[in-house]
Amino acid sequence: MFLSFITDLFQQDFMLRALAAGFMLGILAPLLGSIVVVRRLSFIADTLGHFSLVGISVSLFLSSLGFSYFFEKPLYLGIIFSVIGGLLIEFFRRAYTNYKEISMVIVISLGAALSAIFFALASKTGSLYQYLFGSILTVTSYYIYLIFITLFIVSVLFIVFGKQIIAVSFDETSAKFLGINVGLFQIIFMIMLSIVVSVLLEAAGVLLISSMMVIPVAAGMRIGWSYKSTTIISIIFSELSVLVGLWMAYSLTIPSGAAIVSINISILLIVALTKKIINMRRITKIDNAKLK
Amino acid sequence: MQIYINNLTFAYGIKTVINNLSITLNQGDYLVVKGKNGTGKTTFIKCLLGVNEVKPGTIFYDKTDITNFKKWTTFGYVSQSLDNFNYEFPITVLELLNVSSTKGTMPQDRLKLLDKMKIFDIQNQNINSLSGGQLQRVFIVRAMLNNPKILILDEPTASIDKQNKEFFYQTVDDLNKNGITVILITHSDELEHLNYTHTLTMYDDYTNSFSIRNEGGEA
Ligand SMILES: Nc1ncnc2c1ncn2[C@@H]1O[C@H](COP(=O)(O)OP(=O)(O)O)[C@@H](O)[C@H]1O
Ligand SMILES: [Mg+2]
């Protein structure tokens, strides 16, 4: 089973594409995920995913009416709708300043409802499953190209504005005194997040996007001693889950998002348990030392 | 930079917390804002920093009305409970200072400040492993990083132990002697260590009094 996976990996185009996509997403997800965690926005990723799904369903619907361009590239509308979803969240957050989570409930429900309606209108409810749980094995080369562009833009933003992004994320009030425009930052970050979420949707599925962004970071936080080390460890965990997940998706024919996220969670559990055991050992050692 | 506050009044809803507050400070002054808990000291600072909107009354920085003021980088600010910070995610002291430095500050400046605040040794430690006092000093270094003209400290000694307190006040004095305007908020009456030039006292009934320190004596 594993051998045929390796040979297919290098002989089948679809496997190469899946590998390339997985590798790039493996970097992208925790890179943005760490900021998402620091800013306590984990649920926003899922909310944006639901709105991205609206874009995809509308795309499928329009193509069922004969606009074939939309059918070939549903992700474009996915990205546009994701950004609209992000702006809607901001809008509702300002309307319910003391109950900010209400805004996410409104947008996530609206997203789920609209998606279901347009999938049905397009008579495509059968393809809903792959969008819910991910299908990295069937990605097209245009998708690879989109991920590459996204990774490139996000990397450039991080290289140029990384300092500001991290400073604001840890402490929004201090940003003013560092000469950073917080409002502008929030909008740029929301747009960046919307795009990354749409791009992740294909591989992870709507229901598992935030897991791919957040869980490797949650594991990395247990081990990391600095921002840098935490991010690097998270990326390593993320790559590991993407690769093993890809193999599982291929050999067991299960959705890729589900496979990747199960590995992610296994890593988190192993890290948490190991840490607990090490801490317990340390405590008993100290106790023993005290007894002497 | 000069600070002119004229007839500042501020209310949370119908509850007026600051009444007719007027003060003028020149560059290099040292203002102590004192008063019991809940008398409006932090509220006043938030007005100064443009967080609370000033409705009746005016604040001018030099000749600029606060509503048009943009040069917030002239301020260094350490908030009261440091609770605006998102803790738990690992970040080292040096990493935090690096991302908080704007153009023009050198890495050795950061180290010098850490040394001055006696926290040089913890520069590679995770923020989350520090004690309250260490954390407070890290945030003071951060506030000083970009060479502010005005330093605002909201109850900075709350979690600093006694022997470090005197040393801390000494450091603030040194900064003040170098020409930085200092606004220090405290709820204690122990002002004997402080070389302040002005006091603003806030009272339980939300009134206030401003005074200039007499030569050599108590204000
Ligand atoms: N955001 C707020 N909304 C409503 N009331 C507030 C708010 N912040 C402070 N207050 C009230 O205003 C008064 C002054 O608070 P504060 O400025 O924090 O006092 P101090 O800093 O002197 O302890 C208190 O009675 C407090 O309960
Ligand atoms: Mg206060």
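I call a residue buried under 20% relative accessible area, exposed over 50% and partly exposed in between, using a 1.4 Å probe and protein chains only. The model is a predicted one, so I keep local features at pLDDT of at least 70 and side-chain atom pairs at pLDDT 80 or more, while totals for chains, interfaces and linings use all residues. Residues are numbered from 1 along each chain as its sequence is written, chains are lettered from A and ligands numbered from 1 in the order in which they are written, and side-chain values use heavy atoms, with hydrogens and water left out.

**Entry: magnesium site**

I looked up which residues coordinate the magnesium ion (ligand 2). They are Thr42(B), through OG1, and Gln80(B), through OE1, at 2.0 to 2.2 Å. Donors here are N, O and S atoms within 2.8 Å of the metal (3.2 Å for Na, K and Ca); water is not among the atoms, so sites may look incomplete. The pair links distant parts of chain B, 38 residues apart: Thr42(B) sits in helix α1 (residues 41-48) and Gln80(B) in the loop between β6 (75-78) and α2 (93-100). I take helices (H or I, at least four residues) and strands (E, at least two) as DSSP runs, numbered from the N terminus. Gln80(B) is partly exposed at 32% relative accessible area, and Thr42(B) is also partly exposed, at 23%.

**Entry: chain A against chain B**

I counted contacts, meaning heavy atoms within 4.5 Å. On chain A, 25 residues are in contact with 25 residues of chain B. The two chains bury about 2,200 Å² between them, 62% of it on carbon and sulfur atoms. Buried area is the accessible area (1.4 Å probe) that two parts lose on being put together, summed over both. Phe170(A), Lys176(A) and Phe177(A) supply 34% of the area that chain A buries against chain B, more than any other three residues.

I then looked at the polar side of the interface. There are 12 residue pairs in polar contact, both residues at pLDDT 80 or more. A polar contact is a pair of N or O atoms within 3.5 Å; within protein, one must be able to donate a hydrogen and the other to accept it, and residues adjacent in sequence count only if both atoms are side-chain atoms. I found one salt bridge between the chains, where a salt bridge is a side-chain nitrogen of Lys or Arg within 4 Å of a carboxyl oxygen of Asp or Glu. Asp171(A) forms a salt bridge with Arg142(B), and the closest N and O atoms are 2.7 Å apart. Of the helices, α8(A) gives the most to the side of chain A that touches chain B, with five residues.

**Entry: Ser169(A)**

I found Ser169(A) in helix α8 of chain A. Ser169(A) is buried, with 1% relative accessible area. Leaving out residues up to four places away in sequence, Ser169(A) touches Ile35(A), Val38(A), Arg39(A), Phe185(A) and Asn86(B).

**Entry: Gly205(A)**

I placed Gly205(A) in the loop between α10 (182-204) and α11 (209-223) of chain A. Its relative accessible area is 0%, so Gly205(A) is buried. Beyond four places in sequence, Gly205(A) touches Tyr131(A), Leu132(A), Phe133(A), Gly134(A) and Leu200(A).

**Entry: positive phi in chain B**

Most residues other than glycine have a negative phi. Asp62(B), not a glycine, has a positive phi of about 50°. Asp62(B) lies in the loop between β4 (58-61) and β5 (64-65) and is partly exposed at 37%. Glu88(B), also not a glycine, has a positive phi of about 90°. I located Glu88(B) in the loop between β6 and α2 of chain B, and Glu88(B) is exposed at 59%.
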